[in-house]
Amino acid sequence: MQLFEKLIEFPEAERLVLESTPLLPVEETPLGEALGLALAQDLTATTDSPPFDNSAVDGYALRSQDGEVGRVFRVIDEAPAGRPAQRSVGEGEAIKIFTGGVIPDGADAVVMVENTSGWGETVELKKVAAPGNNLRAAGEDTRRGAVILNAGTEIGAPEIALAATQGYGDLPVRRRPEVVVLSTGTELVEPGTRDLAPGEIFDSNSYAIVAAAREAGARARRLYAASDDADVLRPALEEALETADVVVTSGGVSVGEKDLVKSTMLDLGVEQVFWGVKFKPGKPLFYGTRGETRLFGLPGNPVSAMVCFDLFVRPALMRMTGRTDKDRPRIPVYFDKEVVNKFGRLHAMRVSLERTDKGWLAKSVGAQGSGLVSSLTKADALALIGPASNGIPPGEPIEAIVLRQEKLFS
Ligand code: AMP
Ligand code: MG
């Protein structure tokens with residue numbers, strides 16, 4: 001059996017992870033798959049947009065100098081969107097035009113059909129027309145050659161729209177990290193497959209970790225739940241290491257006799273960066289590297305697994321794609337009663353948040369046991385309570401990591 005050689009401080013662990021996180025390569029990625037990633041290069045407009053002068057309304061294109069009230073025009077052609085008119089507009093003539101239709105030669109204004117006698121072979125104006133009325137000029141949105149999106153911009157729906165207007169089918173982004181999740185534990189059963197036998201529990205960690213990894217922009221898949229037997233664990237870890245940028249395991253990484261994850265990883269050529277953090281929940285956290293692959297051995301207790309994921313794996317995944325702006329917000333919070341940390345290591349306490357006239361009031365969500373999955377669904381933030389020998393007095397500001405950002409705007 002192996003005991004922790006040296007527990008490191010929480011900020012040191014955070015630093016070691018970020019320092020060793022590689023940026024993934026830039027790849028041209030289909031427009032439809034780039035959501036949430038960051039542009040790796042400036043994007044320039046390939047064309048003027050809109051590409052041609054067009055109508056903003058349904059109506060008639062004509063010469064504004066003819067456009068006095070009461071004048072009757074001959075309607076000589078039409079210009080629906082996508083089909084330019086064949087003829088140009090002369091004196092006393094009008095061309096029916098619909099939104100997005102190309103402004104015909106000769107015309108310099110469009111009169112809305114609502115301001116005319118209506119659709120017909122001839123049309124009478126009910127309102128004067130002035131030059132440029134209801135015209136959308138070529139290039140008024142973006143100009144060919146102009147930078148339309150800067151490197152580093154997060155690609156959301158509006159950015160996808162703008163890139164599409166320029167004909168971009170692919171965008172230069174850092175590819176999504178491939179995350180492979182492997183839960184370990186002889187007691188684990190796939191949810192939904194059968195009832196539990198004595199001593200068994202359902203595997204919740206691997207599903208939670210895959211979900212959290214996807215939320216962080218990764219491509220993530222579960223391998224399967226491996227038993228604690230070395231001959232099952234080893235090939236599973238080997239497979240994970242072959243295919244992933246980031247391997248995340250849960251369980252089997254503490255000091256128990258059945259905790260073989262760490263030794264198996266080392267056997268497979270993983271170099272340990274650290275094992276053991278002065279932190280609750282998640283003391284046995286293991287972090288290592290093998291070539292470009294990063295390996296997080298999360299503790300099996302579900303709260304520890306999720307909190308460690310959020311605090312260590314999530315920031316690493318974000319950085320791999322070049323995102324530096326997506327860290328969880330950190331805010332000062334206070335408690336209305338004394339808080340004592342008896343653990344002798346930093347405690348990330350699950351708390352709910354409530355806005356008051358003194359700032360954000362934090363309240364423990366209740367018991368802080370590492371197996372209490374339901375507590376995670378109630379937590380808005382993790383309050384970072386240092387291992388002070390005396391308690392923290394009520395009202396004293398404490399840093400908290402906000403898990404539910406929407407809470408800040410509620
Ligand atoms: P371990 O870190 O393997 O010692 O596991 C610590 C605790 O977490 C034990 O009670 C395990 O049964 C539980 N546990 C381990 N893996 C999982 C998992 N994938 N889903 C839910 N609970 C787990
Ligand atoms: Mg276990």
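Me: What is the strand order of the open sheet of 5 strands, and which pairing does it have?

Reply: In general, strands of a sheet pair through backbone hydrogen bonds, either parallel or antiparallel. In this predicted model, the open sheet has the order E8-E5-E7-E6-E9 with mixed pairing, where strands are DSSP runs of E, at least two residues, numbered from the N terminus, and two strands pair if DSSP finds at least two bridges between them. Strand E8 (109–112) and strand E9 (122–124) stand at the edges with a single partner strand each, so one side of each has no neighbour in the sheet. Strand E6 (residues 72–79) pairs with E9 in the antiparallel sense over 3 bridges, and Arg-74 has Thr-122 in E9 as its bridge partner.

Me: Which residue forms a salt bridge with Arg-74?

Reply: A salt bridge is a side-chain nitrogen of Lys or Arg within 4 Å of a carboxyl oxygen of Asp or Glu. Arg-74 forms one with Glu-93, the closest N and O atoms being 3.3 Å apart; Arg-74 lies in strand E6 and Glu-93 in strand E7 (residues 93–97), so the pair ties together parts that are 19 residues apart in sequence.

Me: Is Glu-93 buried or exposed?

Reply: Buried means under 20% relative accessible area, exposed over 50%, and partly exposed in between (1.4 Å probe, protein chains only). Glu-93, at 12%, is buried, while Arg-74, at 46%, counts as partly exposed.

Me: What limits apply to these values?

Reply: In this predicted model local features need pLDDT of at least 70 and side-chain atom pairs count only at pLDDT 80 or more, whereas totals for chains, interfaces and linings use all residues. Residues are numbered from 1 along each chain as its sequence is written, chains are lettered from A and ligands numbered from 1 in the order in which they are written, and side-chain values use heavy atoms, leaving out hydrogens and water.

Key. Helices (H or I, at least four residues) and strands (E, at least two) are DSSP runs, numbered from the N terminus.
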